[in-house]
Amino acid sequence: LILNGANSTVSLGNIGPGGTLAANFALTAKPGAASGLSTVTLTYSFYATVQGVRAATPNTVTQTLGVPKQQPDRFTLGTTDVSPSMYLGEEGMVTINYTNKGKTSIYNVSGEIRGTNLANPSTTYQGTLAAGAEGSLDFYVQAVEPGTMSGEVVITYETDTGEIQTVKVPFSIDVQEAYYPPVEPIDPNGNGGIDQNPKGSPLPYIIGAVILLAAAGGGFVLYKKKQAAKVAEGEDEDF
């Protein structure tokens, strides 16, 4: 505890038999001090008067008081980032941002995601979050089928007094049927169709060789026929 003000001594004046006096002191919990009970010691000093004669030395009385203090819980959620839509078979993202704006640490921070059409419910543990610290709970989600995935992220933590707090954040994602675009054939020659002569294929050369051989064979047969005709003509003339 911190005393508000520099003066820790108060003069109350005289008090008669059966009388009362009040002394007020303003106290503030130290930043970072855990919630709980603090003690304050008060010392009273006074001069007694007996039969009209004031004592030469003061008397003192000491009193100890218990003062409860409570630090406010200021665990605050920031933005929530959720994939608006996703395809079946893909992963979506759910992120919850948070900050501890309080003056003391909070403990055992954890998050659990659960819901319908959720193929992979999971839990993440963050541990202790110091005063002023910030972070996020990140979940990768997949759907079971096309439609709507809906659910909530459940965040739990303990305050410095051991009290368990729970915060729930809903979410929803549109899940679409998986889309596979058709695969068009690629023509490397740019002729607008499938290449009929893939690179390196020997087929055109084989066909060309067969055609040349056929042509050569035909020419040879024609030449033999002409030679035979000339020989026949020569025999007729001799006859």
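Is T95 buried or exposed in this predicted model? T95 is buried, at 10% relative accessible area, where buried stands for under 20%, exposed for over 50% and partly exposed for anything in between (1.4 Å probe, protein chains only). The residue sits in strand β9, which spans residues 92-100; strands here are DSSP runs of E with at least two residues, and they are numbered from the N terminus. The side chain of T95 makes a polar contact of 3.1 Å with the side chain of D138. Such a contact is a pair of N or O atoms within 3.5 Å; within protein, one atom must be able to donate a hydrogen and the other to accept it, and residues adjacent in sequence count only if both atoms belong to side chains.

The model is a prediction in which local features need pLDDT of at least 70 and side-chain atom pairs count only at pLDDT 80 or more, while totals for chains, interfaces and linings use all residues. Residues are numbered from 1 along each chain as its sequence is written, and side-chain values use heavy atoms, with hydrogens and water left out.

Turning to the sheet, 5 strands are arranged in the order β8-β14-β13-β10-β11, forming an open sheet with mixed pairing; two strands count as paired if DSSP finds at least two bridges between them. Strands of a sheet pair through backbone hydrogen bonds, in either a parallel or an antiparallel manner. At the edges lie β8 (85-87) and β11 (122-129), each of which pairs on one side only. From one strand to the next, the twist averages 25°, taken between N-to-C directions of axes fitted to C-alpha atoms, on a scale from 0 to 180 degrees. Strands β10 (residues 106-116) and β13 (residues 147-158) run antiparallel and are joined by 8 bridges. Opposite G111 stands I155 of β13.

Salt bridges come next. The whole structure holds 2 of them, each defined as a side-chain nitrogen of Lys or Arg within 4 Å of a carboxyl oxygen of Asp or Glu. The relative accessible area is 31% for E112, which is partly exposed. R114 is partly exposed at 34%, and E152 is partly exposed at 23%.

Other details lie in and around strand β7. T76 belongs to β7 and is partly exposed, with 29% relative accessible area. Its C-alpha atom is 8.8 Å from that of N97, a residue 21 positions away along the chain. S83 is found in the loop between β7 (75-82) and β8 and is buried at 19%. A polar atom of the S83 side chain lies 2.9 Å from the backbone nitrogen of M93.

Finally, I15 occupies the loop between β1 (2-3) and β2 (27-28) and is partly exposed at 46%.

Terms used. Helix = DSSP H or I, 4+ residues; strand = E, 2+ residues; numbered from the N terminus.
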